[in-house]
Amino acid sequence: MPKAVAGPEIERLIQLLARLPGLGPRSARRAALHLIKKREQLMAPLTDALDTARERIVICKACGNIDTQDPCTVCVDPKRDPSVIVVVADVADLWALERANAVNARYHVLGGTLSPLDGVGPQDLSIDALVSRAHDPAVTEVILALNATVDGQTTAHYITDLLHNANVKVTRLAHGVPVGGELDYLDEGTLSAAMKQRTLI
Ligand code: ZN
């Protein structure tokens, strides 16, 4: 245990910051010091933003997205294609796809992926809700935007089987060469997936 260099209030701030993903103890100290130095410009607005977020954040009952309204901003957006549902494991994946402007559709957040080793089964994810959404006659395609990991692909297969009776096309993201990627640096699994899923130019 390193020696404390400040009073318990500041140490507590550092310990809390250190729990954030991407911040270790060193970065947490740096962040805490920065906040303390910028009390008025940064710490006060951040405190307000955290308070507001804590009071108003809700989970969208339709898709599982995080927002300050339910249904969420994405679900009520009339400009989105109502015939496509993009299935993601986590809200972070939804945000990533939105940042990339990859698709103009609605989403369904599963809340994780099936993982027998970690004891995550179908009942722990919002799979039933997805199946019932997919049976809406307005929906024609379900895109499985899940991680290219064993758990992600197990989940994709499981959902594909369940959607067998729904009148929808089930698709998944392509696996292959990343944009800007050099073949020589790719692992064998990625290279062979890219070769199998080659497309006509
Ligand atoms: Zn929603």
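Mentor: Buried means under 20% relative accessible area, exposed means over 50%, and partly exposed lies in between (1.4 Å probe, protein chains only). This is a predicted model, where local features need pLDDT of at least 70, side-chain atom pairs count only at pLDDT 80 or more, and totals for chains, interfaces and linings use all residues. Residues are numbered from 1 along each chain as its sequence is written, and side-chain values use heavy atoms, with hydrogens and water left out.

Trainee: Is Leu-144 buried or exposed?

Mentor: Leu-144 is buried, because its relative accessibility is 3%. Leu-144 sits in strand S5 (residues 141-144). Helices (H or I, at least four residues) and strands (E, at least two) are DSSP runs, numbered from the N terminus.

Trainee: Which residues is Leu-144 in contact with, beyond four places in sequence?

Mentor: Contact means heavy atoms within 4.5 Å. Among the partners of Leu-144 are Val-87, Ile-159, Thr-160 and Leu-173. Take Thr-160: 16 residues from Leu-144 in sequence, and 8.8 Å away in space, C-alpha to C-alpha.

Trainee: Where is Ser-83, and what does it contact?

Mentor: Ser-83 belongs to strand S3 (residues 81-88). At a relative accessible area of 16%, Ser-83 is buried. Outside four places in sequence, Ser-83 contacts Ala-138, Val-139, Thr-140 and Glu-141. Now compare a loop serine. Ser-115 lies between S4 and helix H6 (127-134). Ser-115 is buried too, with a relative accessible area of 5%, and touches Val-120 and Asp-151 beyond four places in sequence.

Trainee: How many salt bridges does the structure hold?

Mentor: A salt bridge puts a side-chain nitrogen of Lys or Arg within 4 Å of a carboxyl oxygen of Asp or Glu. The structure has 5. One of them pairs Asp-51 with Arg-54 at 3.4 Å, N to O. These two residues are 3 apart in helix H3 (residues 39-56), so about one helical turn separates them. Asp-51 is partly exposed at 33%, while Arg-54 is exposed at 65%.

Trainee: Which parts does the bridge between Glu-98 and Arg-80 tie together?

Mentor: Start with the distance: the side chains of Glu-98 and Arg-80 meet at 2.8 Å, N to O. Glu-98 is in helix H5 and Arg-80 in the loop between H4 and S3, so the bridge ties together parts 18 residues apart in sequence. Glu-98 is partly exposed at 25%, but Arg-80 is buried at 10%. Shared partners join Asp-77, Arg-80 and Glu-98 into one salt-bridge network.

Trainee: Which residue does a cis peptide bond join to Pro-71?

Mentor: The residue is Asp-70, and omega is about 0°. Pro-71 is in the loop between S2 and helix H4 (73-76). The side chain of Asp-70 also forms a salt bridge with Lys-61, 2.9 Å from N to O.

Trainee: How many disulfides does a search of the whole structure find?

Mentor: A disulfide is a pair of cysteine sulfur atoms within 2.5 Å. The search finds 0. Cys-72 is buried at 0%, and Cys-75 is buried at 13%.

Trainee: How is the protein chain divided?

Mentor: Domain bounds come from an automatic or database domain assignment. Domain 1 covers 8-52 and domain 2 covers 75-172. Their centres, taken over C-alpha atoms, are 35 Å apart.
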